[in-house]
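Subject: Structure handover

Hello,

Here is the structure you asked to look at. Please open it first, then read my notes below.

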Amino acid sequence: MTPEQFRSWRRTLGLKQKDAAEQLGLKKRMIQYYEKGNRDGRPVEIPKSIRLACYALSQGIADFDGVTTTDALPPKDKPDA
């Protein structure tokens, strides 16, 4: 996942950097590093665990306890009941 893809992922879900950090269990500063692609001039690689978490969140999965999943966000295409 490139910094551009990471930023696009966040924006597609309509998340602010702070919200993305909370969803991923990170500090907002790490989100900024991932989107910039470097930290103090050194490249920053987005870890596999974060890439997988991004995928899970984009599929509507907020948490997984080994048996069941917890929904992240209400589906965009369904009206609120």
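Strands 3 and 4 form a hairpin, with 4 residues between them. Gly66 sits in the turn and has a positive phi of about 100 degrees. Strand 3 covers residues 61-64 and strand 4 covers residues 69-71. The two run antiparallel and are joined by 3 bridges. Two strands count as paired if DSSP finds at least two bridges between them. Ile61 stands opposite Asp71 in strand 4. Strands (E, at least two residues) and helices (H or I, at least four) are DSSP runs, numbered from the N terminus.

A word on the source. This is a predicted model: local features need pLDDT of at least 70, side-chain atom pairs count only at pLDDT 80 or more, and totals for chains, interfaces and linings use all residues. Residues are numbered from 1 along each chain as its sequence is written, and side-chain values use heavy atoms, with hydrogens and water left out.

Next, helix 2, residues 17-24. Its buried residues are Gln17, Ala20, Ala21 and Leu24. They lie on the same side of helix 2, because they cover an arc of only 100 degrees around the axis. That arc is taken from the directions from the helix axis to the C-beta atoms. The general rule: an α-helix has 3.6 residues a turn, so residues three or four places apart point the same way. On the other side of helix 2, Lys18 and Glu22 are exposed. (Buried means under 20% relative accessible area, exposed over 50%, partly exposed in between, with a 1.4 Å probe and protein chains only.)

What do the buried residues of helix 2 pack against? They pack against helix 1 (3-12), helix 3 (28-36) and helix 4 (48-58). Contact here means heavy atoms within 4.5 Å. Just after helix 2, Gly25 takes a positive phi of about 75 degrees.

Last, the salt bridges. A search of the whole structure finds 2. The cut-off is a side-chain nitrogen of Lys or Arg within 4 Å of a carboxyl oxygen of Asp or Glu. In one, Glu35 pairs with Arg7, with the closest N and O atoms 3.7 Å apart. Glu35 lies in helix 3 and Arg7 in helix 1, so this pair ties together parts 28 residues apart in sequence. Glu35 is buried, at 6% relative accessible area. Arg7 is partly exposed, at 24%.

Arg10 also forms a salt bridge with Glu35, at 2.4 Å from N to O. This pair links helix 1 to helix 3, 25 residues apart. Both Arg10 and Glu35 are buried. Shared partners join Arg7, Arg10 and Glu35 into one network.

Best wishes
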